Amino acid sequence: MKKFFKVTDLPDVLKLSGRFPTTGVSTIPVHECPGRILAGDVSCDADLPDFSRSTMDGHAVCAASTFGASQGAPAFLSLGGSVSMGEAPDFSIRPGEAAKIPTGGMLPEGADSVSMVEHSEAVGEGAVEVFKAVAPGDHVILKGEDFKKGETVLSKGARLRPVDAGLLAAFGKETVRVYEKPAVAIVSTGDEIVPPGNAPTLGQIRDINTHTLAGMVLESGGVPRIMGIVPDSFSDIQKICLKALEESDMALISGGSSVGARDHTLDAIASIPGSEILVHGVSISPGKPTILAAAGEKPFWGLPGHVTSAMVVFDRLVRPFLERMAGLSPRFKKETRIFATLSRNISSAQGRTDYVRVRLREEGGEMFADPVLGKSGLIRTMIKADGLIEIGINTEGLEKGARVAATPL
């Protein structure tokens, strides 16, 4: 008879992510970088902008020349020139002078602000009246006001956004070094599992886990490698485990992680040369019969076969490992929480962390969390749910009216 697993607490499992290295680094075009993890700090090699420029159409002036200007007593300034777009002005502005300037034009020397065109009026060909005073810095972006030369603008381990791609382009970067996306092998086991395109006979079910897990891998920044379905056979599972490790940075095998007579996943993983079983059993519900092994420098997960359990384990355990392997720094990891009022009592057993599916709804300007209860083999509970709430390991349930923090699904 197989020995029953000994559970490990969730925080202790998460600490094991430090055993596994990040992926390699590659250089990609800047326009392809959003969503990728930056592999090194990026510093400014020049001021941005590298010249002071106007943010309005109008007149470049020395602000002091406009002090006290109003509709009844405008400031009278002589025109000292006109700024052309894309060119550096070859003249300077002295007190009492102004120069026509377009939006984006470079401020001539001596100017420290811009009077908007609607606040001025030409007086003949060589002068302009300004009807509203400006302060130094009004309607201009000064040299280096955005970023100073030498400043770190993007940090290693950050998940890049479209705006970051624009920033890199602003500094003349056409490529950027990012961590490679981890390849994740996905295997489903079970004599009763058939592909989605097959019509199941009595006693068979279609493969759900492969496709839900593949989607979760994509959302987490990995690349799914679908390895197919294997029967409940030690030799077949062992063979697919070896193949999965050859073709991936991380492997997930769903089903067969418990201790029944047909559960061969643990033995198959343990038989891999150089493997070490780190965890068999986690103190969470759903998802208790979870396996984590180290196969060399690669994590190998044995997930429960029930679809809800597999998805919860991925969300709470596998995703943090995958993001760390992808190079995401903890300082840039953001988990959205939606605070709501629990609409009914929920019971829980001490000694485990419970994850309860909830549907979120707004009523009377307040957010409520309605528990979606059901067995872990039912995908319906995940379809109907908007998020998960956590009941701590030392808590005996939550009462109606309690404030809870839901993690969106």
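Me: What makes a run of residues a strand here, and where does glutamate 97 fall?
Reply: A strand is a DSSP run of E with at least two residues, numbered from the N terminus; in this predicted model, glutamate 97 lies in strand β6, which covers residues 97-101.

Me: Why is glutamate 97 called buried?
Reply: Buried means under 20% relative accessible area, and glutamate 97 has a relative accessibility of 12%, so the residue counts as buried.

Me: Which residues is glutamate 97 in contact with, once its neighbours within four places in sequence are left aside?
Reply: Contact requires heavy atoms within 4.5 Å, and on that criterion glutamate 97 is in contact with Ala60, Val61, Leu77, Ser78 and Ser92. For valine 61, which is 36 residues away from glutamate 97 along the chain, the separation of the two C-alpha atoms is 6.5 Å.

Me: How do you know that the protein chain is more spread out than a compact globule?
Reply: The secondary structure of the protein chain comprises seven helices and 26 strands. For 409 residues the globule rule gives 22 Å, whereas the radius of gyration of the chain is 31 Å, well over that value, and therefore the chain is more spread out than a compact globule. Along the principal axes, the C-alpha trace spans about 100 × 50 × 40 Å.

Methods:
Residues are numbered from 1 along each chain as its sequence is written. This is a predicted model: local features need pLDDT of at least 70, side-chain atom pairs count only at pLDDT 80 or more; totals for chains, interfaces and linings use all residues. Side-chain values use heavy atoms; hydrogens and water are left out. Helices (H or I, at least four residues) and strands (E, at least two) are DSSP runs, numbered from the N terminus. The radius of gyration is taken over C-alpha atoms; the globule rule is 2.2 Å times the number of residues to the power 0.38. Buried means under 20% relative accessible area, exposed over 50%, partly exposed in between (1.4 Å probe, protein chains only).
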